[in-house]
Amino acid sequence: MSVANKSTIRTRLILLVFTCVVPIWVLSGVLLFAAHSSKLEVLRREMTDPVRHLEKAVDSELANLQFALEGLATSPAFRSGDLGEIHRQCLDLLHAFPGADIIVADRSAQQLVNSYRSFGTPLPKRNNPTTVQHIFQHGKPVVSNLFFGAVTKRPLVAVDVPVFVSGRVAYDLSIAVPSDWIGKRTCAGLRLPAGWHAAVIDGKRNVVAKTGNSEYVVGRPIPAALRLALDTRSSGTAEVKNAAGVPVLVSFAQSPATGWAVLIGVPTSIVMRDLVGWAGLVTGGALCVSLLSIFLAMGIIRDIVDSLRSLVPYALSIAQGRAEGTFGPHPVAEIDDIGRSLEKTCLLLQQHIEKESKHKQRLELSEERLRLAYQATGIGAFEWNIQTGVNTWSPELEKMYGLAPGTFGGTEEAWEQLIYPPDREGAIATVNRALASGEPGEGEWRVLLPDGSLRWISARFQAFSGPSGEPVRVIGVNIDITARKAAEEELRNSEERYHSLFETESDAVVLTDWETGRFIDVNSAAIRMYGHTREEFLQLRHVDLSAEPAQTERAIAERETAVPLRLHRKKDGTVFPVEVAAGYFSSQGRQMHVAAVRDLTERENARQALLELNRKILSLSEHVQEVQERERIALARDIHDDIGQNVTLLKIDLEWLQSRVPDLPEVRERMEEMRTGIDQLTASVHRIAADLRPPLLDGLGLCAALEWHVAEFSRRSGLECFLMLNDEAAPSDQQTATAVMRIVQEALTNVARHARATEVGISLCQQGDTMVLEISDNGCGAGSEQLSSPRAYGVLGMQERARICGGTVEINGKPGSGTVLRLSMPLGKGETHHEETPRCR
């Protein structure tokens with residue numbers, strides 16, 4: 001924190017004064033709040049009776065429509081199939097319901113009779129086939145939500161009843177009344193005070209009817225906050241903001257029979273009118289008392305701050321290293337204590353600086369040794385993707401096999417051709433054994449270089465399996481062991497005269513006297529490993545090579561034969577890990593101890609190389625996702641700008657051509673087909689560009705893009721979608737928003753392809769510092785085998801996108817019970833928001 005951002009003692013004392021003044025303002029606020037709450041409670045009670053009266057009026061009018069239809073459904077004309085007679089009876093019934101229409105439809109939602117048109121006129125299908133299906137499936141009356149008529153194009157509300165013939169549903173009999181008819185029969189009779197308004201809401205929370213002074217629009221949804229209140233309670237009151245942002249107190253009630261709701265609202269500004277004057281008196285009194293308290297406290301604060309400032313010159317002299325003597329006594333006890341503490345701090349600071357200097361020197365020496373070790377270690381790394389067949393090599397590995405950088409074929413077959421033919425079969429068998437067992441693999445083989453020479457390669461690798469248990473990739477390292485192989489050959493030739501063990505063992509082998517611990521003989525590998533000469537070895541004991549002498553003494557005393565890990569020390573002091581295999585025998589009356597020591601440094605280096613390679617692979621995956629999104633944006637822009645403009649010009653040319661060619665029926669028909677094709681091509685261009693990169697994602701943010709995409713998905717697939725979004729939970733950074741959008745697109749695509757669902761629910765909310773997105777359907781459900789299949793590329797893609805942004809994807813499905821996808825994404829710095837009521841769409 002910079003000095004400019006630090007608070008002073010004066011500031012904190014002033015804050016203390018203000019803290020003492022705060023209770024006065026809190027008390028004033030409590031009084032104001034109590035008066036406001038009392039006024040609101042009285043207003044709520046006054047609004048309850050009109051709401052219940054309006055609720056009963058709406059239920060009564062809908063019930064009258066249902067009773068009239070049920071009476072008409074008993075007509076003999078339905079049993080005889082006389083549609084003309086049915087049409088006449090419908091017209092007779094409509095005398096009691098002016099402005100309404102009656103429709104008779106069959107199981108396919110095809111209109112058979114429509115009172116709005118003459119009998120025999122061709123009729124379209126019903127605009128609400130779901131309601132027709134419900135009538136034929138359940139045989140019970142249904143009250144629809146607000147819709148627009150297929151013939152009249154007016155906002156209507158319909159009541160449907162089944163018509164039974166011979167014990168089964170034969171027709172759907174529906175009466176549709178204009179929404180303003182509902183308003184005249186219900187809202188028009190209310191006598192509301194000035195500024196009050198009333199409205200009737202259908203089951204989908206759209207406005208059906210309203211009073212003349214209401215800000216609601218027929219056919220439009222009510223505000224999201226009010227929708228949430230209706231979804232959670234059957235009746236009550238709520239304080240919400242209307243479309244103009246004005247706070248409104250709303251009293252509402254829902255009908256249990258139809259699911260419709262009625263509401264009466266009044267602006268809260270009406271409540272505040274009586275409180276303004278009294279609030280001014282309370283505020284003025286509190287302000288006067290506060291100013292007097294602050295004036296008296298400022299004098300005390302000034303004296304305290306002046307005493308503290310007297311410490312500054314002495315503290316600055318300590319910081320500059322020129323403090324002399326001691327801090328003189330001060331009349332204020334606390335200031336005197338601080339001065340003494342500054343003297344002790346000066347001494348401790350000097351000691352700390354000396355320790356830090358020594359630690360820095362040791363750290364620099366350690367870093368230099370590590371840098372030299374990396375330069376001396378020549379390791380080549382590779383990754384083999386078994387599913388794609390791509391084998392990726394590092395430049396060091398290509399150089400090791402005698403290839404120029406970037407010239408390796410990139411396949412497993414290309415690697416096999418580089419192996420020396422006599423060693424090829426064994427190398428392939430080594431890889432296959434590791435793939436079958438899943439254990440770490442290692443092997444050695446020779447490669448034929450372009451100059452005709454042979455080079456020995458040592459390989460360490462690990463196979464990784466996918467969710468199905470089958471190996472999907474192999475990661476490992478190769479080491480050039482040509483020099484080591486040559487040394488081993490030389491060692492075998494020189495030691496054939498002495499011991500067969502020394503001829504076959506490539507690791508360090510030492511022979512010691514079990515009782516004294518003195519070395520009797522060592523092989524060349526031991527000399528190279530530890531850096532001692534043979535003569536120096538003969539002057540040493542076995543514990544002289546160990547960095548853990550106590551454990552070494554105990555293991556030899558207890559005649560242990562295998563030590564998987566022990567730390568040894570070279571002549572130059574370097575400590576390194578080894579694996580020891582030991583044996584004990586008697587020779588010429590002496591107890592002998594022979595040990596084969598293997599240097600594990602290369603194995604440890606290989607492990608570190610594997611970790612580094614894995615980090616690079618994850619980084620590459622993130623880069624591929626980023627490049628893919630950039631290419632999508634560029635491709636969407638090119639399609640929209642280039643192809644879209646050309647199609648528009650083509651349409652203009654067609655209009656020009658049509659105005660100049662003869663008006664022949666064949667030409668006119670051909671022109672209309674061409675115009676239709678151009679319109680379809682234009683729509684396809686817009687759809688493809690939007691699928692590649694939704695324009696709303698960059699312009700209006702994630703929530704707007706999700707709302708548009710879900711609407712398009714519902715229109716194309718025919719599935720009913722329920723959307724609940726919290727704008728404040730949407731991530732602000734473009735990468736995370738893009739990842740969430742792609743995951744939603746992939747999830748909805750999977751629902752359309754595989755779920756066989758009729759409904760889909762999407763919700764976006766915030767839980768603490770985490771954004772949570774849930775997508776659920778009522779389809780057939782996805783089993784665990786489908787989700788864990790290695791060919792579930794869509795699931796793998798969603799999980800990878802979430803991982804890049806630090807999130808997770810959980811998919812739970814049960815056959816026959818639908819599937820739920822849950823995406824959890826941490827909100828980055830600056831993206832944490834308070835929980836707010838989500839908007840339902």
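Which residues of H22 are buried? They are Leu702, Cys703, Ala704, Ala705, Leu706, His709, Val710, Glu712 and Phe713. Buried means under 20% relative accessible area, exposed over 50% and partly exposed in between, with a 1.4 Å probe and protein chains only as cover. The model is predicted: local features need pLDDT of at least 70, side-chain atom pairs count only at pLDDT 80 or more, and totals for chains, interfaces and linings use all residues. Residues are numbered from 1 along each chain as its sequence is written, and side-chain values use heavy atoms, with hydrogens and water left out.

The chain holds 25 helices and 27 strands. Helices (H or I, at least four residues) and strands (E, at least two) are DSSP runs, numbered from the N terminus. Of the 841 residues in the chain, 39% are buried.

Helix H22 covers residues 702-717. Its 16 residues reach 22 Å from the first C-alpha to the last, close to the 22 Å expected at 1.5 Å a residue. The expected span is 1.5 Å times one less than the number of residues. Just after H22, Gly718 takes a positive phi of about 80°. Helix H23 (residues 734-755) has 22 residues and should span 32 Å; its end C-alpha atoms are 30 Å apart, which agrees.

Gly189 sits in the loop between helix H5 (179-185) and strand E7 (197-201). Gly189 is exposed, at 59% relative accessible area. Gly189 and Thr211 are 22 residues apart in sequence and 9.7 Å apart in space, C-alpha to C-alpha.

The structure has zero disulfides. A disulfide is a pair of cysteine sulfur atoms within 2.5 Å. Cys765 is partly exposed at 24% relative accessibility. Cys780 is partly exposed, with a relative accessible area of 24%.

Four cavities of 30 Å³ or more were found in the whole structure. On a 1 Å grid over the protein atoms alone, a cavity is a set of points where a 1.4 Å probe fits but cannot get out; lining residues have an atom within 4 Å of a point. The largest cavity contains about 250 Å³ of space. It is lined by 19 residues, and the closest to its centre are Thr552, Ile556, His568, Val580 and His593.

How values were computed
1 Å grid on protein atoms, 1.4 Å probe; cavity = no way out; pocket = protein on both sides within 12 Å on 5 of 7 lines; lining within 4 Å. Points joined across faces, edges and corners; volume = space filled by probe spheres on them.
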